[in-house]
Amino acid sequence: MAQPEIATTPRPRAAWRRTGSQVSLPEVHRTILVPDTASFWRKLMAFSGPGFLVAVGYMDPGNWATDLAGGARFGYALLSVVMISNLMAILLQHLCIKLGVATGRDLAQACRDHYPRPVVWFLWVICEIAIAACDLAEVVGSAIGLQLLFGIPLVWGCIITASDVLLVLYLQTKGFRYIEAIVITLITIIGGCFAAEMIFAQPSLAGILGGFVPGPRIVANQEMLYVSIGILGATVMPHNLYLHSSIVQTRKFEQTPGGRREAIKFATIDSTLALMFALFINAAILIVSAAVFHWSGHQGVAEIQEAYKLLSPLLGVSIASIVFAVALLASGQNSTLTGTLAGQIVMEGFLNFRITPWLRRLITRLIAIIPAVLVIGIFGEGKTTELLIASQVCLSMQLGFAVWPLMRFTNEKPKMGEFANPLWIKILGWTTAGIIIVLNVKLLLDTFLPDAVLKTLYNSLGLPAPK
């Protein structure tokens, strides 16, 4: 069956190196009708959904590991990192919406059509590594949830998560709204669980408010910086940039400047609301960890399994641990659904390579399951939380390679037309990209350079050496 032509805004041929030919996610492209004459609220409902699929990536099990470690070790201090990361995410996802709506290309397709082939292949490999790290966190998180609730060994739990391939295939035959509905249902479960945990933990309101104020010690303290970059990597996720620029095109809106402007507005509202909910989840995980563990002599708690065992005894609430595990399982399974979609978008977008949907998603899932099974089999179940935190730092390292092209494309008037970024968004966007890249370079230097070289380097820059 011939694939539909990509719907793009007319642009000068010089805007892109290659002409776009295929649409993103062809089986669901422009399948959800947006009524032209409906009220504001009906149109908002029509556009609502993709933002929550993207928000899933901001509350996946990788966030749990980094937020638990940050709360237990540093109290409420890293809440400011969670908030700043979320604000960065809102800006970057808005730019993804603009790219998808204005050009008809997702970020992977835009990279393929702009860069020479060697660069495209490099970016694709980097992106696949990021997706593998992300999927690793999701698979391990789901497996831990299954183990805590039902006693299933982690290796078997990882294998069971492969069932999401069949679930996504089935739901997409019913319509993209079904995928959105199950994702929103699982998000609601996670939110309800952590609202209950917050009530059980009774955290300090003054401490929480103080934690949202950033301070220089976050950068100066090596351990705090490592966890902070893990939180950044867990919050602003590379694959979400590719995912959002694609699924925003599932809406059938008017292909006119006015229709695109309206689509960007409503999709941004959807995305912002969903990401504010994700901020609540991430902050709640860190707050509960700080309130329960940091001031009770359990600052070393970093493993999800250990947190599960200690929650009920420390809080004196018998169901606290069960609620925690239910939320973890819902989070992990939710993330695997969106992860398989992102894998499909990246493979098709960068390579323009299409295979049957079931095989494509099976390959995406095996890329995550095989490393997870090998790591757990070789190093044992006790290393799972370290694996989760390391995967999030790995994700953060890939961010620059996704953010840079996104900023470049959305800044260019030949590509975006009237939807090119205004000056204030350019400044905010490049500042965000700069913060991400500088922090990642700092982490690499702090991790791999000898102490003597590090001390000399930091002294020459007038900065405190990492501890």
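**Figure 1. Lining of the second largest cavity, which has seven nonpolar, one polar and no charged residues.** The model shown is predicted. The residues that line this cavity are L123, I126, C127, P238, Y242, Q398, F401 and A402. Two or more lining residues come from each of helix 6 (117–150), helix 13 (238–247) and helix 18 (384–411). The space in the second largest cavity is about 40 Å³. The structure has four cavities of 30 Å³ or more.

**Figure 2. Aromatic pair of F40 and W41.** Twelve aromatic pairs are found in the whole structure. The pair of F40 and W41 is edge-to-face, with 5.1 Å from centre to centre and 90° between the planes. F40 has a relative accessibility of 35% and is therefore partly exposed. W41, at 61% relative accessibility, counts as exposed.

**Figure 3. Aromatic pair of F47 and F253.** The ring centres lie 6.4 Å apart and the planes meet at 35°, so this pair counts as tilted. F47 belongs to helix 1 (residues 40–47), while F253 is in the loop between strand 2 (251–252) and helix 14 (257–293); the pair therefore ties together parts 206 residues apart in sequence. F47 is buried, at 3% relative accessibility, and F253 is buried with a relative accessible area of 8%. Ring pairs link F47 and F253 into a cluster with F40, W41 and F266.

**Figure 4. Charged side chains over the rings of F253 and W16.** R30 is placed over the face of F253, 6.0 Å from the ring centre. K415 lies over the face of W16, at 4.9 Å from the ring centre.

Methods
Residues are numbered from 1 along each chain as its sequence is written. This is a predicted model: local features need pLDDT of at least 70, side-chain atom pairs count only at pLDDT 80 or more; totals for chains, interfaces and linings use all residues. Side-chain values use heavy atoms; hydrogens and water are left out. On a 1 Å grid over the protein atoms alone, a cavity is a set of points where a 1.4 Å probe fits but cannot get out, and a pocket is an open set with protein on both sides within 12 Å along at least five of seven lines; lining residues have an atom within 4 Å of a point. Grid points are joined across faces, edges and corners, and a volume is the space filled by probe spheres set on the points. Helices (H or I, at least four residues) and strands (E, at least two) are DSSP runs, numbered from the N terminus. Ala, Val, Leu, Ile, Met, Phe, Trp, Tyr, Cys and Pro count as nonpolar, Asp, Glu, Lys and Arg as charged, and the others, Gly among them, as polar. Rings of Phe, Tyr and Trp (its six-membered ring) pair if their centres lie within 6.5 Å; planes under 30 degrees apart count as stacked, over 60 as edge-to-face and the rest as tilted. Buried means under 20% relative accessible area, exposed over 50%, partly exposed in between (1.4 Å probe, protein chains only). A charge sits over a ring if NZ of Lys or CZ of Arg is within 6 Å of the ring centre and within 35 degrees of the ring normal.
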